[in-house]
Amino acid sequence: MSQQSHRLLMVSNRLPVVVSCVEGRWDISAGSGGLVTALSPVMKQNDGLWIGWPGCGEEAPLNELLSRFRAEEGYRLHPVPLTEEEVERYYWGFSNETLWPLFHDLLGNCNFSLENWQTYRQVNERFARTIAEVCKAGDLLWVHDYQLTLVGAYLRKHGVRQALGYFHHIPFPSLDLFRRLPWNLELIRGLMEYDLLGFQTLRDRRNFIRCAHSLLPDTEVIRRHRHHTTLRHGQRKVRVGHFPISIDFDEFNDAAASKEVDEAAWFLHENIEGRQLLLGVDRLDYTKGIPERLLAFERALAKYPDLMRKISLVQVVVPSRTMVPDYRDLKGQIDQLVGRINAQYSEHGWIPVHYVYRSLDRVQLLAHYRAAEIALVTPLCDGMNLVAKEYCASSVHNNGVLILSEFAGAADTMGENALLVNPYDIEGTADAIRQAFTMPQHERKRRMSVLRADIRRNDVHRWVRRFIETLQRSR
Ligand code: GDG
């Protein structure tokens, strides 16, 4: 990022921290995701302030914890407290039962509730009010994701004139789908109040432009650039770009090569010697295509008997959103499929599916990435999918094969050197499993080294720089 004097205000649904209480002692620690890692240095350098819901109850001594965080991490956090009912309606309800499925092309999973929508607006208004109280002239504001689409519009109502950027982490749907949302006009108008809108892929960027153009008659394209398009909407100019998110390549590469991970990976494989491991790692989510993947694996065993005893699928499912009924149903479906496959094919000394329903610690996650000869990243629809990139960055011997859904944002840049599949095509995915299994070493190395070089070049630090520089120029 150019050396600028602007203060950076980051806004997301959740603050990037974990607040915990063990035996009466409260603790706060920085979150461990790639986004937090990439943003921390920038936040420190630019007197950063991160605004969001702390995710803990009123009993936590929040002021004290936040001061401790500032002293340790070098930037400030500002909480937006939410009541339980607000979390229920704004977060679980409208964000996760309406926008999430709609934007992932899964209309059948959508719940269109007026009350949830009203709470979503109120909470976005609350975020805006909080930001307006703390922001100063010259600040750069960067809002994250679909929970906060309307914050920009409410900020303008509060008279905030600063540069406003928004990054959308999930896909943006086609016009046909977006129009189904009863409140589509308010949402798209709200987004047009930002100065810079960032999407994951060119497809998302085009979908958004098409929606804005069709639904808001006074919108026109005034400039096209490879990475962004400038729209005029009334008196406003809005830049709409695509900025594919990435990971901290060096961090994954170095940690995956460490002795600790090396040993853990060796143990994982030792238990299943002479076999190739196929790996799936996903949050429990119906967008990730886990049942379809299990069906494809089952089909591969039936269609290619030479795979029997030679291949095992390790499927890690991280519990997520278990409050939402569709997620509980999905868990039942996965349990049943795993049971069916193992019951049909297991033999003494060979279990076809190793199913882990919990979060792995970092060493174990990396060890799984390293130990697996093949990764199955087959979401039905995904903004980007960082697991695909993390798997490649951890493949330090260049010998992994990535089977990747054509409907993951990651397919845009990784598609040529992965084996691309349509996750709904069970037969085709079964064939890709067999192709990966029999792929010669020289071809694995050729494909994986190109994938790794690309992620190394386009890492998350570059992503942050590009977004902030474009935002600075947008105003
Ligand atoms: C949203 C968009 C977009 C997974 N299992 C474990 C574990 N993980 C970590 C992975 C990875 C993250 O969770 C999952 O990231 P994804 O990108 O795959 O998916 P979403 O959570 O849906 O993220 C997505 C992303 O935002 C960023 O813009 O790519 O499309 O949906 O980092 O490593 N971490 C640990 N143990 C596990 O068992 N520690």
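A polar side-chain atom of aspartate 382 sits 2.5 Å from an oxygen atom of the ligand. The model is predicted. Taken alone, the ligand exposes 740 Å², and the protein buries 79% of that.

- Methionine 384 brings a polar backbone atom to 2.8 Å from an oxygen atom of the ligand.

**The shell around the ligand**

- There are 19 residues around the ligand.
- His169, Leu360, Asp382, Leu386 and Glu390 come nearest.
- By class, the shell holds ten nonpolar, five polar and four charged residues.
- Strand E12 (276-283), helix H13 (362-371) and helix H14 (386-394) each supply at least two residues of the shell.
- H14 gives the most to the shell, with three residues.

**The second largest pocket**

- This pocket holds about 490 Å³ of space.
- Its lining has 21 residues, and the closest to its centre are His227, Pro244, Thr413, Asn458 and Arg466.
- The lining is made up of six nonpolar, eight polar and seven charged residues.
- Helix H15 (411-414), helix H17 (441-457) and helix H18 (460-474) each supply at least two lining residues.
- H18 gives the most to this lining, with three residues.
- Where does the second largest pocket lie relative to domain 1 and domain 2? Domain 1 (8-245 + 460-474) and domain 2 (249-457) both give residues to its lining, so the pocket lies between them.

**The largest cavity**

- The count comes to one cavity of 30 Å³ or more.
- About 50 Å³ of space lies in the largest cavity.
- E12 gives the most to its lining, with four residues.
- E12, strand E15 (374-377) and H14 each supply at least two residues of the cavity lining.
- Among the lining residues are Leu279, Gly280, Val281 and Asp282.
- The lining also includes Ala375, Leu376 and Val377.
- Tyr369, Asn385, Val387 and Tyr391 are lining residues too.
- By class, the cavity lining divides into eight nonpolar, two polar and one charged.

**Elements to follow in the view**

- E12 supplies at least two residues to the shell around the ligand, and at least two to the lining of the largest cavity.
- H14 likewise supplies at least two residues to the ligand shell and at least two to the cavity lining.

How values were computed. Residues numbered from 1 in each chain as written. Predicted model: local features only at pLDDT ≥ 70, side-chain atom pairs only at ≥ 80, totals over all residues. Heavy atoms only, no water. Near = heavy atom within 4 Å. Polar contact = N/O pair within 3.5 Å; in protein donor to acceptor, adjacent residues only side chain to side chain. Areas by Shrake-Rupley, 256 points an atom, 1.4 Å probe, with all protein chains shown as cover. Nonpolar A, V, L, I, M, F, W, Y, C, P; charged D, E, K, R; others polar. 1 Å grid on protein atoms, 1.4 Å probe; cavity = no way out; pocket = protein on both sides within 12 Å on 5 of 7 lines; lining within 4 Å. Points joined across faces, edges and corners; volume = space filled by probe spheres on them. Domains from an automatic or database assignment.
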